[in-house]
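Hello,

Here is the structure I said I would pass on. My notes on it follow below.

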Amino acid sequence: MTEPKRVRQPGDREVAPGRLALVQSFVNSVNVEFGPDEFASGTGLVRWMEGNGFPAGTAAPSESDRLEAVAVREALRALMRENNGAGADPAARALIERVAAHCPLVLAFDGTGAPGLRPGGTGTRGMIAQILAIVVESTVEGAWHRLKACREHRCEWAFYDRARNRSGRWCSMAVCGTRSKMQVYRQGLRTATAGR
């Protein structure tokens with residue numbers, strides 16, 4: 001697996017550290033507000049996989065493979081909303097568990113002799129297995145809860161919260177933070193006007 005593509009982050013944030021950057025790239029494979037969706041076609045999915053070090057294999061991903069990748073991506077986004085204060089999403093957790101049951105991981109040793117988990121398969125399922133392994137590893141390391149989905153519901157960009165107290169709410173304070181604060185301000189004006 002190669003280093004994930006480094007996409008410029010809103011608010012000039014740094015990408016997530018280490019292998020967690022791959023999970024961030026996977027979730028940010030769609031710009032929720034403006035598009036495009038890199039997984040909108042099988043060709044786009046293959047391009048993303050190959051660009052992030054996952055050989056697509058001899059067979060092109062099927063439509064069900066593509067839909068499964070999109071479903072896992074959005075379930076991970078839901079978990080990142082939880083990391084940013086949203087309530088638990090049992091449906092997202094159940095989907096990830098259901099898909100993970102078909103994405104085996106095996107013990108492997110790296111070049112230094114250190115043990116780790118690697119996908120037991122190739123193609124889309126192998127890629128999903130690797131993404132989920134990184135989520136588990138980052139949970140053990142304590143980094144997972146810093147990977148959040150922007151609270152601005154039109155955005156939901158995955159960002160890594162480097163604040164000491166994990167207080168980051170938006171991918172960009174200048175854009176999404178301001179937009180959210182203006183919305184609260186307008187709602188307050190409407191409430192005050194309605195109360196007269």
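Glu156 is buried, with a relative accessible area of 14% (buried means under 20%, exposed over 50% and partly exposed in between, with a 1.4 Å probe and protein chains only). This is a predicted model, in which local features need pLDDT of at least 70 and side-chain atom pairs count only at pLDDT 80 or more, while totals for chains, interfaces and linings use all residues. Residues are numbered from 1 along each chain as its sequence is written, and side-chain values use heavy atoms, with hydrogens and water left out.

Glu156 sits in the loop between β3 (147-149) and β4 (158-160); helices (H or I, at least four residues) and strands (E, at least two) are DSSP runs, numbered from the N terminus. Although Glu156 is not a glycine, its phi is positive, about 55 degrees.

Arg166 is not a glycine either, and has a positive phi of about 55 degrees. Arg166 belongs to the loop between β4 and α6 (173-194) and is partly exposed, at 38% relative accessible area.

Lastly, Val99 is part of helix α4 (residues 90-100). Val99 counts as buried because its relative accessibility is 7%. Beyond its neighbours within four places in sequence, Val99 is in contact (heavy atoms within 4.5 Å) with Glu68, Val72 and Ile128.

Regards
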